[in-house]
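Thanks, everyone, for making the time this morning.

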Amino acid sequence: MVSVTVLAHQLVQSYLKAGDIAVDATTGNGHDTLFLAKLVGATGRVFSVDLQRAACDATEKRLTDAGVENVTLFCGNHAEIASMLPADLLGHVSVVVFNLGYLPGGDKQIITTTDGTIAALNGSLALLKSGGVICVAAYRGHPGGAEEAVAVEHWMNDQALMGHHRIEFARPANEVAPLLLALRKA
């Protein structure tokens with residue numbers, strides 16, 4: 001079975017090209033940020049957000065080690081993503097990615113929350129250009145993770161009713177396996 005991360009990267013890759021703008025709304029250890037930065041190239045830009053200083057530091061080191069300079073890193077709450085990023089990005093972002101849960105190797109008590117994630121999704125939708133994609137890896141195996149995944153699914157269903165396109169993936173049979181959820185802006 002293909003991992004959620006591999007599927008997410010395949011999806012994102014089909015929506016990003018050199019010169020585009022992308023956002024990593026949950027930086028973590030910087031793997032997605034680096035992946036996005038390579039896809040958009042030197043003429044593109046990635047904005048990356050994480051609440052935890054350890055995540056920001058790990059990402060900064062990963063980017064420095066890779067010689068990547070097209071990333072702006074913000075240490076802050078993804079719930080405030082739309083106000084954190086430059087106002088001129090509204091309607092110009094090609095892709096926003098989320099990995100919901102906790103920082104791998106970090107404090108497992110610090111997790112994304114349903115309310116914060118829904119606020120971040122609303123802000124991300126405002127940032128997206130027409131045809132842009134929000135891609136969410138929702139990890140359901142930690143306390144609060146299953147409820148957060150359900151809320152994200154409901155949010156995406158609501159957006160589909162408003163004309164946006166929900167991208168469907170096979171649902172894993174295991175109730176705690178991660179889900180990949182995505183929405184393309186109309």
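Before I give you a count, let me say what is being counted: rings of Phe, Tyr and Trp, the last taken by its six-membered ring, are called a pair if their centres lie within 6.5 Å, and a pair is called stacked if the planes are under 30 degrees apart. Please keep in mind throughout that this is a predicted model. By that rule, the count here comes to 1 aromatic pair. The partners are Phe47 and Phe74, whose ring centres are 6.4 Å apart and whose planes meet at 20°, so the pair is stacked.

Let me move on to the cysteines. The structure holds 1 disulfide, and it is formed by Cys56 and Cys75, with their sulfur atoms 2.0 Å apart. This bond, too, links distant parts of the chain, with Cys56 in helix 3, residues 53-66, and Cys75 in strand 3, 19 residues apart. Are the two partners buried or partly exposed? Cys56, at 0% relative accessibility, counts as buried, whereas Cys75, at 38%, counts as partly exposed. Cys135 is buried as well, at 2% relative accessibility.

Now to the pockets. The largest one contains about 730 Å³ of space and is lined by 40 residues, with Thr26, Gly28, Asn99, Leu100 and Tyr102 lying nearest its centre. Which elements supply at least two residues each to that lining? They include helix 1 (4-13), helix 2 (31-40) and strand 2, together with strand 4 (93-100) and strand 5 (128-138). Sorted by class, this lining has 20 nonpolar, 18 polar and 2 charged residues.

The second largest pocket holds about 290 Å³, and of the 18 residues that line it, Ala170, Arg171, Pro172, Pro178 and Leu180 are the closest to its centre. Helix 1, strand 6 (165-167) and strand 7 (179-184) each give at least two residues to this lining, and strand 7 gives the most, with 3 residues. By class, the lining of the second largest pocket comes to 13 nonpolar, 1 polar and 4 charged residues.

Methods
Residues are numbered from 1 along each chain as its sequence is written. This is a predicted model: local features need pLDDT of at least 70, side-chain atom pairs count only at pLDDT 80 or more; totals for chains, interfaces and linings use all residues. Side-chain values use heavy atoms; hydrogens and water are left out. Rings of Phe, Tyr and Trp (its six-membered ring) pair if their centres lie within 6.5 Å; planes under 30 degrees apart count as stacked, over 60 as edge-to-face and the rest as tilted. A disulfide is a pair of cysteine sulfur atoms within 2.5 Å. Helices (H or I, at least four residues) and strands (E, at least two) are DSSP runs, numbered from the N terminus. Buried means under 20% relative accessible area, exposed over 50%, partly exposed in between (1.4 Å probe, protein chains only). On a 1 Å grid over the protein atoms alone, a cavity is a set of points where a 1.4 Å probe fits but cannot get out, and a pocket is an open set with protein on both sides within 12 Å along at least five of seven lines; lining residues have an atom within 4 Å of a point. Grid points are joined across faces, edges and corners, and a volume is the space filled by probe spheres set on the points. Ala, Val, Leu, Ile, Met, Phe, Trp, Tyr, Cys and Pro count as nonpolar, Asp, Glu, Lys and Arg as charged, and the others, Gly among them, as polar.
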